[in-house]
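Subject: Structure handover

Hello,

Here is the structure I said I would pass on. Please look through it first, then read my notes below.

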Amino acid sequence: KMFAIIESICPGLDVLVNNAGISFVGLLQDMSDAQWSEILNTNLSSVFYCCRSAISHMVSQKSGKIINISSMWGVNGASCEAAYSASKAGVGGLTQALAKELARSKIPVNALACGVIDTEMNKQLDEAERAELAEDIPAGRFATPEEVAEMVWKLICAPEYLTGQIVTFDGGYL
């Protein structure tokens, strides 16, 4: 539906940023099938669907950029976040495979593997948990959404030769 609205306004997208993420914190054995599906659908399948919808216009124009927001936990899995880690690792694999498919069409596909960002997803943490987590980050703090947006902009402005990369943006955590 979203892409039908876009196509009613203009021929297609020049830039696609896939930025969805939900998590389940707990043991994998305690996760229901519905919770597993919700995380995979939100974090990984949405990237597939949006890329598939955006690509035809980009290929016809031989231009465009795709930026997928991933996580440091997709690069190096997190205990008690197995489904989140698996889904974000899938975003990385999809990014690298799609970059190879689209390189000859001059469409770079990259991912930004974010560390701890001060977003709604981390609002569930109390002050003590936030402080403890910030201590583990070499930069000593969470990143702001504005910093993530700046990195996305830098990837959008990067030369098309930069493709298939998973850029880790984690304050030195990994």
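Met72 is found in helix H3, residues 72-75 (helices are DSSP runs of H or I with at least four residues, strands are runs of E with at least two, and both are numbered from the N terminus). This is a predicted model, in which local features need pLDDT of at least 70 and side-chain atom pairs count only at pLDDT 80 or more, while totals for chains, interfaces and linings use all residues. Residues are numbered from 1 along each chain as its sequence is written, and side-chain values use heavy atoms, with hydrogens and water left out.

Met72 counts as buried because its relative accessibility is 1% (buried means under 20% relative accessible area, exposed over 50%, partly exposed in between, with a 1.4 Å probe and protein chains only). Leaving aside neighbours within four places in sequence, Met72 is in contact with Ala113, Cys114, Gly115, Val116, Asp170, Tyr173 and Leu174 (contact means heavy atoms within 4.5 Å).

S1 (residues 15-18) is joined to S2 (residues 65-71) by 4 bridges, and Leu16 has Ile66 in S2 as its bridge partner. The covered face of S1 holds Leu16 and Asn18, the uncovered one Val15 and Val17. Another 4 bridges join S3 (residues 109-114) to S4, where Thr168 stands opposite Ala113.

Last, the helices H2 (residues 33-61) and H4 (residues 82-102). They pack at an angle of about 15°, with axes 9 Å apart, and are therefore roughly parallel to each other (under 35 degrees is roughly parallel, over 145 roughly antiparallel, 65 to 115 roughly perpendicular, the rest oblique). His57 is in H2 and is buried, with a relative accessible area of 11%.

Regards

Note on methods:
Axes fitted to C-alpha atoms, helices over the stretch in contact; angles between N-to-C directions. Pairing = 2+ DSSP bridges.
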